[in-house]
Amino acid sequence: MDLEKHPQQPTARAEPDVIRASDADRDRIADILREAMAEGRLTAEEHGERVDAVYRAKTVGELEPLVRDLPAPGGAARPSTAPYAYGPEAPAGPAENLVAVFSSSTRRGRWRVGGRTNAFSLFGSVEIDLTEALFGQRLTVINATSIFGSVEIRVPENISLRGSGTGIFGNFEVVTLESGDPEAPVVVVNGYSVFGSVEAKPKRGKFIADLQDRLRKHLRG
């Protein structure tokens with residue numbers, strides 16, 4: 001009988017390509033992409049494609065290649081008492097869909113914006129008003145498609161608004177904004193229009209100045 005004691009084998013750790021990605025993992029990658037775009041390392045189109053891939057990713061292994069060619073975020077740590085506050089994100093799941101086919105669809109007032117929203121208009125109109133919305137995260141991506149219709153997006157004047165798209169016998173216009181506050185919400189609008197229009201721009205006189213108080217009241221209610 002072999003009485004030699006064999007050392008216990010260490011438990012193998014899961015490889016990154018099979019580790020499930022958490023919301024914190026996705027936020028970390030999205031922050032790196034946001035800073036890379038602000039520094040001019042990524043175009044708006046590249047940023048939109050990568051951000052969309054971030055929120056489709058299921059594992060850590062799918063996330064890391066999206067920032068492999070980008071430097072780690074540098075600079076001093078951000079202050080813990082930021083002027084903007086964000087509520088808990090909705091559980092991971094499908095994007096919110098706003099569809100108007102020979103009709104209209106509107107989203108406005110006090111509502112919590114998810115990470116991704118798809119807006120589709122076919123001989124109809126979609127209106128998205130974010131001026132009173134509560135952002136559950138810093139980055140919000142809106143994919144807008146208009147075919148013989150219109151998609152209209154309005155944002156407060158003191159957030160960052162970016163995006164890119166194509167108008168085919170139609171109009172695709174995103175009025176770029178860059179907030180002076182690095183903690184302000186970032187809205188990215190991507191998509192295209194065919195014989196229609198997609199328009200995203202700030203709404204004059206609308207600011208998220210009391211976001212923290214509104215968020216606190218919303219969570220209490």
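**A colleague's note on this predicted model**

1. Let's start in helix H2, which is where His 47 lies. Keep in mind that we are looking at a predicted model. His 47 has a relative accessibility of 0%, so it counts as buried. Setting aside neighbours within four places in sequence, His 47 touches Leu 33, Arg 34, Met 37, Leu 42, Leu 139 and Val 188.

2. Some of those contacts lead us to helix H1. H1 covers residues 23-38, 16 residues in total. From first C-alpha to last it reaches 22 Å, close to the 22 Å expected at 1.5 Å a residue. Its buried residues are Arg 26, Ile 29, Ala 30, Ile 32, Leu 33, Arg 34, Glu 35, Ala 36 and Met 37.

3. S7 is mostly covered, with seven of its nine residues buried. It pairs in the parallel sense with strand S4 (residues 116-122) over seven bridges, and Ser 121 stands opposite Ser 146 of S7 there. S7 also pairs with S11, again in the parallel sense, over nine bridges. In that pairing, the bridge partner of Ala 144 is Gly 191 in S11.

4. Is Thr 140 buried or exposed? With a relative accessible area of 0%, it is below the 20% cut-off, so Thr 140 is buried. Leaving out neighbours within four places in sequence, Thr 140 is in contact with Val 113, Gly 114, Gly 115, Phe 135, Val 186, Val 187 and Val 188. Val 113 is 27 residues away along the chain, yet the C-alpha atoms of Val 113 and Thr 140 are separated by 7.5 Å.

5. Next, an open sheet. It has five strands in the order S2-S5-S8-S12-S10, paired in parallel. Strand S2 (104-107) and strand S10 (171-174) are at the edges with a single partner strand each, so one side of each has no neighbour in the sheet. On average, neighbouring strands here are turned by 10 degrees against each other, direction ignored. Further in, S5 (residues 125-129) and S8 (residues 150-155) run parallel and are joined by five bridges; Glu 127 has Glu 152 in S8 as its bridge partner.

6. The whole structure holds four aromatic pairs. One of them is Phe 102 with Phe 123, stacked at 5.0 Å centre to centre with 5 degrees between the planes. Phe 102 is in the loop between strand S1 (96-101) and S2, and Phe 123 in the loop between S4 and S5, so this pair ties together parts 21 residues apart in sequence. Phe 102 is exposed at 64% relative accessible area, while Phe 123 counts as partly exposed at 42%.

7. Phe 148 and Phe 195 are also a stacked pair, at 5.0 Å centre to centre and 5 degrees between the planes. Phe 148 lies in the loop between S7 and S8, and Phe 195 in the loop between S11 and strand S12 (197-202), so the parts tied together are 47 residues apart in sequence. Phe 148 is partly exposed at 41%, as is Phe 195 at 44%. Ring pairs link Phe 102, Phe 123, Phe 148, Phe 169 and Phe 195 into a cluster.

Methods: Residues are numbered from 1 along each chain as its sequence is written. This is a predicted model: local features need pLDDT of at least 70, side-chain atom pairs count only at pLDDT 80 or more; totals for chains, interfaces and linings use all residues. Side-chain values use heavy atoms; hydrogens and water are left out. Two strands pair if DSSP finds at least two bridges between them. Helices (H or I, at least four residues) and strands (E, at least two) are DSSP runs, numbered from the N terminus. Axes are lines fitted to C-alpha atoms, for helices over the stretch in contact, and angles run from 0 to 180 degrees between N-to-C directions. The expected span of a helix is 1.5 Å times one less than its number of residues. Buried means under 20% relative accessible area, exposed over 50%, partly exposed in between (1.4 Å probe, protein chains only). Contact means heavy atoms within 4.5 Å. Rings of Phe, Tyr and Trp (its six-membered ring) pair if their centres lie within 6.5 Å; planes under 30 degrees apart count as stacked, over 60 as edge-to-face and the rest as tilted.
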